[in-house]
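Q: I'd like to learn how to read a structure like this one. Can we go through it together, feature by feature?

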Amino acid sequence: MAFLYPSFLWALAAIAIPIVLHLIQLRRAKRVEFSNVKFIQVSKDLTASQRNLKELLILAARILFITFLVLAFAQPFLPASETVRPVDSSQVTIALDNSLSMQNFHVEDDLTLLTVAADQAKKVLDIFPSTTAISINTNSNYNRAAIVGTNDAVNELDQLSHSTRPFVSQQVMSASQVAAEHVFLFSDFQKSYFEPSLLSRVDSNRVYHLVPLKAAGTSNVFVDSVYLADEFVRPGTEGTLYVRLYNAGEKAIPDCPVKLVIDNVQLATLSIDLPPKQITETAINFTIRGEGSKRAWVEVEDYPVEFDNLYYFVLQPSGRLSITEISGNEASPLQRLYRNEPLFQIQRFSPNNIDYARLNSSDIIILQGIDEIPAALVSTLDTYVKSGGTLAVIPPSTERSSSYAALMQSLSIPASLNAGSSTKTSLGIPDRDNPFFKTIFADYDPKMQMPASVRKLAWSRSSEDILKYRGGAPYLSRFDRGQGKVYLMAAPLQPEQNELVNHALFVPVMYRLAISSYKQEQQIAYRLQNMAITVPIQKQVGGESIFKLVKDSTVFIPEQQVRGGRLVFNVPPDLDEAGFYELQHQGEVVSSFAFNFDKQESVLDQYSPAELRSFLPEGQQHVHVYDYSDTFSVRSEFEKRFFGVTLWKYCLLLCLIFLMAEIALIRFL
């Protein structure tokens, strides 16, 4: 124990005053004469030993009163336990995590973690003098916080609100910040965001105080992702949306309500049982009404963390599919087939008159019954497929063709022409569970009459066999090559060799073949993170014009570049609010986007104080981790470590106690 003002200890000599008074006994007996003794109150008998004990107790109370009064002025204290002290004590940084996960409730109070953190930060500030420079840093203003006094800092803490920006531990623990003696970090220390490795790379000029806040629980339900069963979206046609829900808690959640809303109209609602720590997938059927893009969202009911209860996405009706047929037959059955459907836009080239510049803009190229494939076309088709295009090959009636062998070799497909006989064989019954035949059969008949055909093209080891002959040989198969796909049909489109042309399956199979080539270049939903997005641009764009992302009255101008009829832009780092945004160019809406919060924020698992301490390297004296406790415990532990324990308040309290004891001894004994 030490004294702040040891010179006051000389005043302990005043203890002699009550001792001297006690020894000389200034109180002497006096004789009082009364005319009538009956008015004298009967006195209580008191022995000499009792009187001496009372006087000694009074003397002890007076001595102790004077002793603790002198000690209170001398201000005793216990020295700080920390041997390493920062250099500067005039500035303090309060780093407060106000991310959306801090909506969770505190384990001991019916308050959010953010409210509890702000209250603890305000009481910690009372430790420091009023002249201390305080910096209140949050997720939205880190590195930009102003230096204020204690009163202004308390006002800032009272006005704190949740930020859509996630907690970035590297900002807090980085050594490049303005030097401060003490840095207090109040957070829930989510495992998905806090980087434990930073605890071994802190700035040695500062001392970090990590104050974990324990949540009442880590249960949270959110939408992990959504996707369409068929990317080809058509108005008036039933579609299927697959929703992946994640229960991040330790307990199962029965009958979790889930809703699907499109254009502010609730189209579906269901209840799902969610096991703990698992993703549960469910399918929701819907039908789009009307033209244009549709704003939609999936809503779950979950409490108390509600920021991720909505998952936004945009349903964009697909445009017309561009089909290019290369054949020598002007009266091809494919021409009649695809021209009857407004969804398709078909063009035909003869083998000797091909516009190669227009091939790359096609969604699907159908090579139909060509006897010889030009060498230039073989090279073009190889590049087209590997860059993401879809090619369908329907063989000719010819016996042999070296050009087909060259095409199959360039595509690395083990197929050969004229490998089978000219005898027709019936096809097998389609597999109703194959996604290719989804929505084709209104009433599935396992005994349906199937067409027969010859086998002019044979192959093996495909990515998927869509239709087969009854003997098991493939009739229609898909090969995945690079980013593209190749479909092979075993028979030519001539009725005498292929009865499928006149069968009821011909139209849906060929339609599905064309629709499968559709690629949705724009995702239905995006996450709020710095990423590049590519969208097709229909019209020419001038050099000075710019594209903007607009949400209500908020406008963002992202980094952008137009290349080859496509706009590539980066999501602006300041775009941190989930919802719908319009991509505008010169006041016109080009496209719509849906942005959602990063799912890392929705996983509420925390690092405990023991886990945080386990990450500290041996001998680390610049990082202190506090246990789950109230503000008084944190403040008391901090004072013991860095300011020592002041005892003058306790001395003053004892001084008053002994003064009251003296009065009680005189009055009642």
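This is a predicted model: local features need pLDDT of at least 70, side-chain atom pairs count only at pLDDT 80 or more; totals for chains, interfaces and linings use all residues.

Q: Where does Thr-67 lie, and why does Thr-67 count as buried?
A: Thr-67 lies in helix H2, residues 48-74; helices (H or I, at least four residues) and strands (E, at least two) are DSSP runs numbered from the N terminus. Buried means under 20% relative accessible area, exposed over 50%, and partly exposed in between (1.4 Å probe, protein chains only). Thr-67 counts as buried because its relative accessibility is 18%. Thr-67 is also 9.0 Å from Leu-9, C-alpha to C-alpha, though 58 residues separate the two in sequence.

Q: How do I check the span of helix H8?
A: Take 1.5 Å times one less than the number of residues. H8 (residues 375-386) has 12 residues, and its 17 Å from first C-alpha to last is close to the expected 16 Å.

Q: Which residues of H8 are buried?
A: In general, an α-helix has 3.6 residues a turn, so residues three or four places apart point the same way. In H8 the buried ones are Leu-377, Val-378, Thr-380, Leu-381, Asp-382, Tyr-384 and Val-385. After H8 comes Gly-388, with a positive phi near 115°.

Q: What makes the nonpolar surface patch?
A: Patches take residues with over 30% relative accessible area and no salt bridge, joining like charges within 9 Å and nonpolar side chains (Val, Leu, Ile, Met, Phe, Trp, Tyr) within 5 Å. A salt bridge is a side-chain nitrogen of Lys or Arg within 4 Å of a carboxyl oxygen of Asp or Glu. Here Tyr-5, Phe-8, Leu-69, Phe-73, Trp-648, Leu-652 and Leu-656 form a patch of about 630 Å², with areas from the Shrake-Rupley method and a 1.4 Å probe. Helix H13 (648-668) gives the largest share, 3 residues. Leu-652, in H13, is partly exposed at 36%.

Q: Which side chains does His-209 meet in polar contacts?
A: A polar contact is a pair of N or O atoms within 3.5 Å; within protein, one must be able to donate a hydrogen and the other to accept it, and residues adjacent in sequence count only if both atoms are side-chain atoms. The His-209 side chain pairs with those of His-182 at 3.0 Å and Tyr-626 at 2.9 Å. His-209 sits in strand E7, residues 207-212, and is buried at 0% relative accessibility.

Conventions
Residues are numbered from 1 along each chain as its sequence is written. Side-chain values use heavy atoms; hydrogens and water are left out.
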